[in-house]
Amino acid sequence: MSRSYAFYPGCTLHSTGLEYGVSTRAVCRALGVELVEIEDWNCCGASSAHSLGGELADALPARNILLAQPLGRDIAIPCAACYGRLSSADRRLREDEAFRQQMEQVIGREYAGQARPRALLDILTSDFPPEELRAHLRKPLTGLRPVSYYGCLLLRPPQIAGAWDDTEHPVKLDRLLELLGAEPSRWTYATDCCGASMTLNRGDIVARLVGRLVSAAEDAGANCIVTACPLCQANLDGRQGRRPQPMPVFYVTELLGLALGLDEVTGLFGRHIVDPRPLLRRLGLLS
Amino acid sequence: MSSPIDWRFMDIVAERSGQPIATCYQCRKCTAGCPTAFVMDYDPAQIVHMVQMGERRALLSSQAIWMCVGCETCGTRCPNGICVGRINDALRQMAAEEGVRVGAPAIYQFHRAFLNNLRRFGRVHEITMIVEYKLRSLDLLSNLDLGARLLLARKLPPLPQVIRRRQEIARLFEAAGAHAAETPEGRE
C-alpha cells in the first residue's frame, strides 16, 4: 500500500535537527512513504510569534496550511512546536470566518480543510499496522532501554494537539519501541517540559530542567532517551553539561533507521553532542 | 505594597487572551505543574489573581510573564479552562506596546531578534538570528561552547534559506498590526 503525505520540515531540520531530517526521509523511503514538501513554506513563528506577534501566531502557520491545500493530504510535521502552531492555525481557519477570509486574500489560496496537520510521531504510530513494520525489521534493538519523551506540544493542549495518544500518560511511542525490540523503561516524565524555548537566553534554567529529566531517566533504569522533536533533542543532547555519564538522546526516526538497517541513518550518530556510538557498540547494535 | 488598581484590567486581559480569567478559584494546579514557576517573581496562580485584582503595573513590569515557556501544562490541567500561557502572551504584548521596562530584557530581545530574522528570510537562520540577539541583549559570552560544538558538527548552516514570496510574509506582519511592530523600547 502506498502512502503519501504533505511535508512541513520546519527550520531546524536543516540545522540543529539535521539527523531528524535525514532519518525521517530515509525511514519514509524505506517504508514506501512519499513525502511531498510544501512549496515555499515559511517558519511557523514558534514561541516568539505567540509571545510578541499577536495575530502572527496563527497567521504565519496558516500560510503553510493554505499552501498545502492543493496537495489534498495530511501534513506530516516532525517538530512538536511547528505541529502545535500549525494545528492552532488550522483550527482558527476552520472556526474563524474573518480570519480565514483575510488569510485567503493575503496568500491567494483557498482553504478547503484538506490538509490536516499531524505530528510525524502520530503518523508513525497510528498509520502502520505492527505486522507491516515488523516485516521491515532488520536488526532488533535488543538491550536498548529507552524512556519515551514527548515533551510539551505533541499532546498539549488536547483541544489543539488532538487525542492521538493519552495527554498525561502517553503509550504509543513505548509500543513502537517494543516492536523494534527495545525494552522501554517506565517513568512519569514523558510530557514534562525541557524548556527549549529558553535555551539561548536562560541556559541556567534549561540546564536544571534537562538535569532533572536525565536524572529521572537514570532512576528509571534507562540507557537512552527517545524524542520526536528537534527542539527537545537538541536541548536534551546539548544541555547535559558536565554530567559524569551523559545519556544519549535519539530521535525516534534514528532508532527506526537503526532497526531497519539504514546506513545513512547510523552514519549520523557521530554528530550528536552526547556520542551514542559507545552504547550502541556495547550492545552489539553498531559495528 | 500599594499600587493603583486598574479595575478594567481583568476584562481587557480576558478579551485579549481569550481566557475566562474571572472563573479562577485558586486551586493552584497551574503552579503545581509549571516547569518554570521556581524562577518566577509571581507564580502562575498569582498572575491570574493579580489580573483579577487589577495589578497592572506590577504585572507588566514583572519578570514572571517572560519566564513562561508556553508548555501548555497549566491550560491542559485547569479545571476552568484557563491557560495562563495565553494570559502571559497578552501581558507581554501589552508590556511591549506600552513601552514599560520589561522584567526580562534578554528574553524580550530574543523574541524580537527571532521575529526580525523570520521577517527578513521567511525562515529562521540560526547564526544571523543569534548575532542579532547578542547585539540587542549584550549577552555576548553565553553559549559559546555549545555554539562551537554545533559548528564543529556542521549543524549551523552559514547561509540562510530564503523563501521566494517574502512579500506575503511582510503582509502578514502588517496585518498583525501594532503588536508585531517594533516598539520604541525595542528600538533603543
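Q: In which order do the strands of the open sheet in chain A lie, and in what sense do they pair?
A: In general, the strands of a sheet are joined through backbone hydrogen bonds, in either a parallel or an antiparallel arrangement. In this predicted model, chain A has an open sheet of 3 strands in the order S5-S6-S7, with parallel pairing. Its edge strands, S5 (146-148) and S7 (249-251) of chain A, each pair on one side only. From one strand to the next, the twist averages 30°.

Q: How many bridges link S5(A) and S6(A)?
A: S5(A) pairs with S6 (residues 224-227) of chain A over 3 bridges, in the parallel sense. Pro146(A), for instance, has Cys224(A) in S6(A) as its bridge partner.

Q: Which helices pack on this sheet?
A: Helix H11 (residues 230-238) of chain A touches S6 and S7 of chain A, and its direction makes about 160° with that of S7(A). Helix H12 (residues 252-259) of chain A also packs on the sheet, touching S6 and S7 of chain A, at about 75° to the direction of S7(A).

Q: What area is buried between chain B and chain A?
A: About 5100 Å² is buried, and carbon and sulfur atoms give 60% of that area. On the side of chain B, Arg123(B), Lys155(B) and Leu172(B) lose the most area to chain A, together 14% of what that side buries. The contact involves 58 residues of chain B and 57 residues of chain A.

Q: How many salt bridges are counted between chain B and chain A?
A: The count is 6 salt bridges. One of the salt bridges joins Glu39(A) to Arg165(B), with the closest N and O atoms 3.4 Å apart.

Methods: Residues numbered from 1 in each chain as written. Chains lettered and ligands numbered in written order. Predicted model: local features only at pLDDT ≥ 70, side-chain atom pairs only at ≥ 80, totals over all residues. Heavy atoms only, no water. Contact = heavy atoms within 4.5 Å. Buried area = accessible area lost by both parts, 1.4 Å probe. Salt bridge = Lys/Arg side-chain N within 4 Å of Asp/Glu carboxyl O. Pairing = 2+ DSSP bridges. Helix = DSSP H or I, 4+ residues; strand = E, 2+ residues; numbered from the N terminus. Axes fitted to C-alpha atoms, helices over the stretch in contact; angles between N-to-C directions.
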